[in-house]
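Here's a quick briefing to read with the model open beside you.

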Amino acid sequence: MARITAGVTTSHVPAIGAAIDNGKSQDSYWGPMFAGYEFSKRWIAQQKPDVILLVYNDHATAFSLDIVPTFAIGCAEQFAPADEGWGPRPVPVVQGHAELACHIAQAVIQQDFDLTIVNRMDVDHGLTVPLSLMFGQAPAWPVRVIPFPVNVVLYPPPSGRRCYELGKAIRQAVDSFDAELNVQVWGTGGMSHQLQGARAGLINRAWDTRFIDRLINEPDALSHMPHIEYVREAGSEGIELVMWLIMRGALNEKVRTVHRFYHVPASNTAVGHLILENLP
Ligand code: DHB
Ligand code: FE
């Protein structure tokens, strides 16, 4: 049967993608940030996941503000990197896993979660930057990816509680897929950052640190945190962190922290990165 073996969280700052694509990842500004992913690249090369269910937010790229699904799942065979204004990033086309994605859609929708089924979509930095951080500059991504966009751009976002419960439903769905597949769930975005307004540039290291502690050790209690606390403490774009709870809900109650990294600054954002493995 398919099994979820591990979860990864990481920020997705678009300037990280530009640093990689323009050969700046070892300069004095970016070097210390990329150093936090060296372990992760070795780890994932050993883990060799077959499929990543990658929870991210589309930044008004695939979905204009005309139609904004709260939760969506990419069921296509492949997904092209989007043009975000400077042309598409020079990264490989993302190969999906249509069969598993359709199975998850069926199972999760029948567990009362409303997913939007997406059969054609381009993917922006929210999805491609985490892949670049974990796999580097690859000629082809060595894994299939099921894109799972969550709305944290247009008010109202889903609650952390809903995200956590959705992770559990995804877990059940994967467990009932009849194929030998090593599946990881990634929760991306965050940590504290605000890109506009009077509080632009906001970073809250103490709050971020506690968020990571609680995500590991008391995710159920953390999932009750109201959205307004994310925005107040972690900035308007800090709300992206509810997506990390989908990853956590998809893992066992007990997890092993394999890697933990926090770095400020990357553009306007506090970078947070975690690798959690399932314990029985
Ligand atoms: C930045 C961070 C984001 O999460 C994003 O979507 C765009 C920009 C930034 O820090 O520059
Ligand atoms: Fe973002």
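What follows is a short tour by topic, from the metal site to the strands.

This is a predicted model, where local features need pLDDT of at least 70, side-chain atom pairs count only at pLDDT 80 or more, and totals for chains, interfaces and linings use all residues. Residues are numbered from 1 along each chain as its sequence is written, chains are lettered from A and ligands numbered from 1 in the order in which they are written, and side-chain values use heavy atoms, with hydrogens and water left out. Helices (DSSP runs of H or I, at least four residues) and strands (runs of E, at least two) are numbered from the N terminus.

**The iron site**

- The iron ion (ligand 2) is held by H12 through NE2, H59 through NE2 and E240 through OE, at 2.1 to 2.3 Å.
- Donors here are N, O and S atoms within 2.8 Å of the metal (3.2 Å for Na, K and Ca), and water is not among the atoms, so sites may look incomplete.
- Along the sequence, the spacing of the iron ion's donor residues reads H-x46-H-x180-E.
- The two histidines bring distant parts of the chain together: H12 sits in the loop between β1 (3–10) and α1 (14–21), while H59 is in the loop between β2 (51–56) and β3 (72–74), 47 residues apart.
- H12 counts as buried because its relative accessibility is 3%, whereas H59, at 24%, counts as partly exposed.
- The cut-offs: buried is under 20% relative accessible area, exposed is over 50%, and partly exposed is in between (1.4 Å probe, protein chains only).

- A266 belongs to strand β10 (residues 255–266) and is buried, with 0% relative accessibility.
- In sequence A266 and V13 are 253 residues apart, yet their C-alpha atoms are 7.2 Å apart in space.
- Not counting residues up to four places away in sequence, A266 touches V13, Y29, W30, M33 and V271; contact means heavy atoms within 4.5 Å.
- S40 is part of helix α3 (residues 38–47) and is buried too, at 0% relative accessible area.
- Which side chain makes a polar contact with the side chain of S40? That of H273 does, at 2.7 Å.
- A polar contact is a pair of N or O atoms within 3.5 Å; within protein, one must be able to donate a hydrogen and the other to accept it, and residues adjacent in sequence count only if both atoms are side-chain atoms.
- Leaving aside neighbours within four places in sequence, S40 is in contact with M134, H259, H273 and I275.

**Nonpolar cores**

- A nonpolar core is a set of buried Ala, Val, Leu, Ile, Met, Phe, Trp, Tyr and Cys residues joined through side-chain atoms within 4.5 Å.
- The largest one has 56 residues, and those with the most contacts inside it include I73, I104, F148 and Y230.
- Helix α6 (residues 160–175) gives the most to this core, with seven residues.
- Beyond four places in sequence, I104 is in contact with L53, I73, I109, I146, A173 and V174.
- Another core lies apart from it, with 40 residues, including F34, I52, Y56 and V129.

**Cysteines**

- The disulfide count is zero, a disulfide being a pair of cysteine sulfur atoms within 2.5 Å.
- C75 is in no disulfide, and its nearest cysteine sulfur, that of C102, is 4.2 Å away. C75 is buried, at 7% relative accessibility.

**Strands**

- Strand β9 (residues 182–188) is largely enclosed by the rest of the structure, because seven of its seven residues are buried.
- Both faces of β9 are covered, with N182, Q184, W186 and T188 on one side and V183, V185 and G187 on the other.
- β1 and β9 run parallel, joined by seven bridges, and V8 has W186 as its bridge partner.
- β2 also pairs with β9 in the parallel sense, over five bridges, with V51 partnered by V183; two strands pair if DSSP finds at least two bridges between them.
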